[in-house]
Amino acid sequence: MDPSRDNPILRFTAFWWGIGTFLIFALLLAVVWVFNRSEPTTLEDAAAKPRYETKAKIDAAQLANISAENIEAAVVTVSKQLATSKPIAVEKPEQIVPGSPTAVKMAAAPAVNTAAVDAPVADAPIDPAVIELGKASFMLCAACHGQNGEGGPIAPPLAGSDWVKGPVSNLIRIQLRGLLGPISVSGKEYNMPGGMAPLSYQTDDQIAGVLTYVRNSFGNKASAVKPEQVAALRSEVGKPQITAPELTKP
Ligand code: HEC
């Protein structure tokens, strides 16, 4: 009799071969998977890595430099200095209280020489870069005077205004001091409550740019305003809001 018929192990030879082959492939697959496994990196991880490195560097540097005891000791010394030092009186133009001694002194300050600023200039082409700069700054004026200088319920128009096309010193002084009281624009009387606030915090270049822009937009055409002209009138900053009679008639 064939002994393999009675030996169950031998009877299942094909089965064992099958299992074996399966395990070999499983093993191969596992090896391939282990060696090809990529690091799980997300965009966040990648972005955070340099931050963690920087933080580690800063922590190390801080540890190496000032100890907590030193910082605590310094707090006492610095606090004493702060408690005993007198603050320096700084009165920024926008902080001058109307009617205060500083305001009275500023109002009595000698008049600026507008004639020098308004001296006629040769007709020169306008620098497009200056117009670009002015256009960006104009966003500020547009809030009250309208996107196209058309004016509105809170401010008179800049389009077609003789004040805008007229003497440069008027525009510079209006921007540096603000404007209050009745003013006639294109034959119409305006007297807005509170008037226009000074916008003197802009730089000479920005003011020159924005004024050059309004003088050459919305149908207006006039000479460019130079930063030096703005600088020449900077002493106006801090004086009370200017009124129409103080301006040079356009
Ligand atoms: C907060 C609102 C406001 C802003 C911002 C403002 N203005 Fe005015 N502006 C006024 C008002 C109000 C008047 C009229 C004041 C009055 O009634 O006396 C005026 C008047 C003027 C005038 C004279 C009248 C005319 O229409 O020609 C000029 C020029 C002027 N503004 C230019 C500017 C420029 C340039 C800017 C931006 C740098 C600017 N304004 C930003 C409110 C504003």
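What covers the buried residues of H9? The cover includes helix H6 (114–118), helix H8 (162–165), H10 and H11, where helices (H or I, at least four residues) and strands (E, at least two) are DSSP runs numbered from the N terminus.

## Basis of the description

This is a predicted model, in which local features need pLDDT of at least 70 and side-chain atom pairs count only at pLDDT 80 or more, while totals for chains, interfaces and linings use all residues. Residues are numbered from 1 along each chain as its sequence is written, and side-chain values use heavy atoms, with hydrogens and water left out.

## The enclosed helix H9

Of the 10 residues of H9, 10 are buried, so the helix is largely enclosed by the rest of the structure; buried means under 20% relative accessible area, exposed over 50%, and partly exposed in between, with a 1.4 Å probe and protein chains only. The buried residues include Val168, Leu171, Ile172, Ile174 and Leu176, and also Arg173, Gln175 and Arg177.

Leaving aside neighbours within four places in sequence, Ile172 is in contact with Val117, Leu211, Val225, Gln229, Val230 and Leu233, contact being defined as heavy atoms within 4.5 Å. Just after H9, Gly178 takes a positive phi of about 80°. In the loop between H8 and H9 lies Gly166, which counts as buried at 16% relative accessibility and touches Arg215 and Pro250, not counting residues up to four places away in sequence.

## The nonpolar cores

In soluble globular proteins, nonpolar side chains tend to be buried together. A nonpolar core is here a set of buried Ala, Val, Leu, Ile, Met, Phe, Trp, Tyr and Cys residues joined through side-chain atoms within 4.5 Å. The largest such core has 22 residues, of which Phe138, Ile172, Leu211, Val214 and Val225 touch the most other members. H7, helix H9 (168–177) and H10 are the elements that give two or more residues to this core, and H10 gives the most, with 6 residues.

A second, separate core holds 10 residues, and among them are Trp163, Ile183, Ile242 and Leu247.

## How H7 meets H10

H7 and H10 pack at an angle of about 90°, with their axes 7 Å apart; the axes are lines fitted to C-alpha atoms, for helices over the stretch in contact, and angles run from 0 to 180 degrees between N-to-C directions. The two helices, H7 and H10, are therefore roughly perpendicular to each other, a term that covers angles of 65 to 115 degrees, whereas those under 35 count as roughly parallel, those over 145 as roughly antiparallel and the rest as oblique. On the H7 side the contact includes Val130, Ile131, Leu133, Gly134 and Phe138, and on the H10 side it includes Gly209, Val210, Tyr213 and Val214.

## The iron site

The protein donors of the iron atom of the ligand are His145, through NE2, and Met196, through SD, and they lie 2.0 to 2.2 Å from the iron. Donors are N, O and S atoms within 2.8 Å of the metal (3.2 Å for Na, K and Ca), and sites may look incomplete because water is not among the atoms. The pair links distant parts of the chain, with His145 in helix H7 (residues 128–145) and Met196 in the loop between strand E2 (188–190) and helix H10 (204–215), 51 residues apart.

The angles among the 6 donor atoms are 88 to 179°, and the site is octahedral; six donors count as octahedral if opposite donors are over 155 degrees apart and all others between 65 and 115. His145 counts as buried, at 11% relative accessibility, whereas Met196 is partly exposed, with a relative accessible area of 23%.

## Loops and the chain end

Ser186, in the loop between strand E1 (183–185) and E2, has a phi near 50°, a positive value in a residue other than glycine, and counts as exposed at 52% relative accessibility. Phe218, found in the loop between H10 and H11, likewise has a positive phi near 50° without being glycine, and is partly exposed, with a relative accessible area of 23%.

Glu228 lies in helix H11 (residues 227–232) and counts as exposed at 55% relative accessibility. In the segment after H11 lies Gly238, which counts as buried at 17% relative accessibility; Gly238 and Ala107 are 131 residues apart in sequence and 8.8 Å apart in space, C-alpha to C-alpha.

Technical notes. Four donors count as tetrahedral if all angles lie between 85 and 135 degrees; four count as square planar and six as octahedral if opposite donors are over 155 degrees apart and all others between 65 and 115; anything else is irregular.
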